[in-house]
Amino acid sequence: MTKQTHIVTGTHRVATAGGVAVSFPAVRPRTLIAVVVASAVLLGVTLWGVIVPADVHLEVLLVAVPALTAAADNTRTTVSMTALACLGVVAVDADDGLPSSPILPIDVLGLLVVGVLVLVFRRMRDVDHRTLCAVRSVSETAQKALLPPLPCRMAGLEIATAYRSAAAHAHIGGDVYAAERVEHTVRMLIGDVRGNGLAAVDDAAAVIGAFREAAHRDVQLEHVALSLDAGVRRRVDQVSETDSNAAERFITALVLEIPDDLHVVRVISCGHPDSMRSHGADVDFLEVPQPAPPLGLGGDRAAYQVNTFRFEPEDTLLLHTDGLLETRDGAGAFYPALDRFALLAEDEPHYLIERLMSDLTVHAGGEVQDDVAMVAVRRRAATATESAGEGGRPASPVAGPAGRTLRCGAAKRAMRH
């Protein structure tokens with residue numbers, strides 16, 4: 001008995017029979033649907049045109065056959081169905097006694113014109129589709145460079161992020177987040193560049209670069225904030241020669257640090273919305289009483305006040321930009337972010353983020369008008385192994401070479417080995 005196997009590779013299906021491989025294209029569902037519907041119209045109109053009296057001319061309806069193939073993915077489908085429709089026109093006109101009438105070439109010409117137009121418009125659609133795919137690829141690459149995925153575990157923290165740009169088909173915009181491991185502390189940033197979408201990307205890149213440098217260089221958190229402000233002001237000075245509105249550029253931000261050996265989080269607010277915290281069944285905003293001016297507006301050292309809040313094991317922080325709080329529904333009601341967070345706070349961080357973003361999109365009717373960034377951070381309860389870390393400090397869950405915190409996949413592989 002001969003065995004037959006089918007292997008799908010890319011857009012082709014390979015069938016092997018008796019050691020001989022035969023390759024034929026895999027048909028996409030929409031192409032199959034287009035062929036089935038066009039064939040049904042072709043057969044129905046042709047048969048009905050032969051049955052009805054000769055003074056009823058239905059062959060003009062066959063122009064729908066090539067038009068229906070517009071949904072197909074290839075040229076062969078349109079050419080084949082147009083040729084069959086032409087045969088159908090000839091059959092109907094011949095049955096009506098019009099083989100030598102000028103009506104026959106006119107009907108055939110009409111079919112050919114529709115077929116050619118379908119091919120032209122498909123070509124235009126394919127060009128636009130390839131352009132859009134290229135733009136999306138560039139956008140995704142730029143996002144990974146500007147906002148690389150944060151490690152899902154860093155020291156004793158579980159981290160998840162979500163981002164949605166207000167610009168259509170874009171993956172980047174004016175909201176930023178970052179995290180850096182500094183000795184026995186995790187420092188984090190979340191910020192919102194004035195404006196949204198692609199116009200704010202260059203400012204977002206500048207503040208991310210400044211944070212990555214300052215997080216490792218400056219010992220005190222207020223010095224990190226001062227460095228960020230200085231970096232943004234340098235950026236404003238650089239673009240002021242070409243941008244008359246450069247003086248209006250600023251970035252709201254939260255600068256945080258979470259030490260390994262203390263159950264606290266230290267926060268400096270630069271005009272940014274307060275983060276949310278869950279502790280057991282309680283949720284609240286970590287309200288900063290005296291926020292500093294946004295980055296780029298020249299705050300002095302005294303303005304950058306460090307605020308300390310409790311952050312116990314199994315607590316969750318939700319850092320976010322104002323897009324989460326200011327999104328409205330069709331009736332103009334703001335999204336009830338704190339209430340939704342209270343309902344979902346017990347979920348794992350990545351589920352929490354996914355469900356909040358999905359719920360926000362539903363609340364906005366599918367059209368979120370502002371960039372939205374969220375970072376969920378949960379402090380994991382220390383295990384016996386972590387509690388026995390050297391010097392009494394909790395040990396990192398899994399450490400790679402040179403103390404680098406591994407991402408989830410690498411951490412699991414390291415644990416297995």
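The largest nonpolar core in this predicted model has 54 residues. Met188, Leu228, Val265, Leu295, Val375 and Val377 make the most contacts inside it. Helix H5 gives the largest share of this core, 8 residues. Apart from it lies another core, of 20 residues, with Ala160, Ala345, Ile353 and Val372 among them.

| Core | Residues in core | Some members |
|---|---|---|
| Largest nonpolar core | 54 residues | Met188, Leu228, Val265 |
| Another core | 20 residues | Ala160, Ala345, Ile353 |

Take Met188 and look at what surrounds it. Leaving out residues up to four places away in sequence, Met188 touches Leu150, Ile159, Ala178, Ala179, Phe211, Leu254, Val255, Leu256, Ile258, Leu319, Val375 and Val377.

Now for H5 itself. This helix runs over residues 201-217, so 17 residues, and reaches 25 Å from its first C-alpha to its last, close to the 24 Å expected.

What about nonpolar side chains on the outside? Leu109, Val113, Val116, Leu117, Val120, Phe121 and Met124 form a nonpolar patch on the surface, and together they have about 640 Å² of accessible area. Val113 is part of helix H4. Val113 counts as partly exposed because its relative accessible area is 42%, which falls between the 20% and 50% cut-offs.

Conventions:
Residues numbered from 1 in each chain as written. Predicted model: local features only at pLDDT ≥ 70, side-chain atom pairs only at ≥ 80, totals over all residues. Heavy atoms only, no water. Helix = DSSP H or I, 4+ residues; strand = E, 2+ residues; numbered from the N terminus. Expected span 1.5 Å × (residues − 1). Core = buried A, V, L, I, M, F, W, Y, C linked by side-chain atoms within 4.5 Å. Buried < 20%, exposed > 50% of the residue type's maximum accessible area, 1.4 Å probe, protein only. Contact = heavy atoms within 4.5 Å. Patch = residues over 30% accessible without salt bridge, like charges linked within 9 Å, V, L, I, M, F, W, Y side chains within 5 Å. Areas by Shrake-Rupley, 256 points an atom, 1.4 Å probe, with all protein chains shown as cover. Salt bridge = Lys/Arg side-chain N within 4 Å of Asp/Glu carboxyl O.
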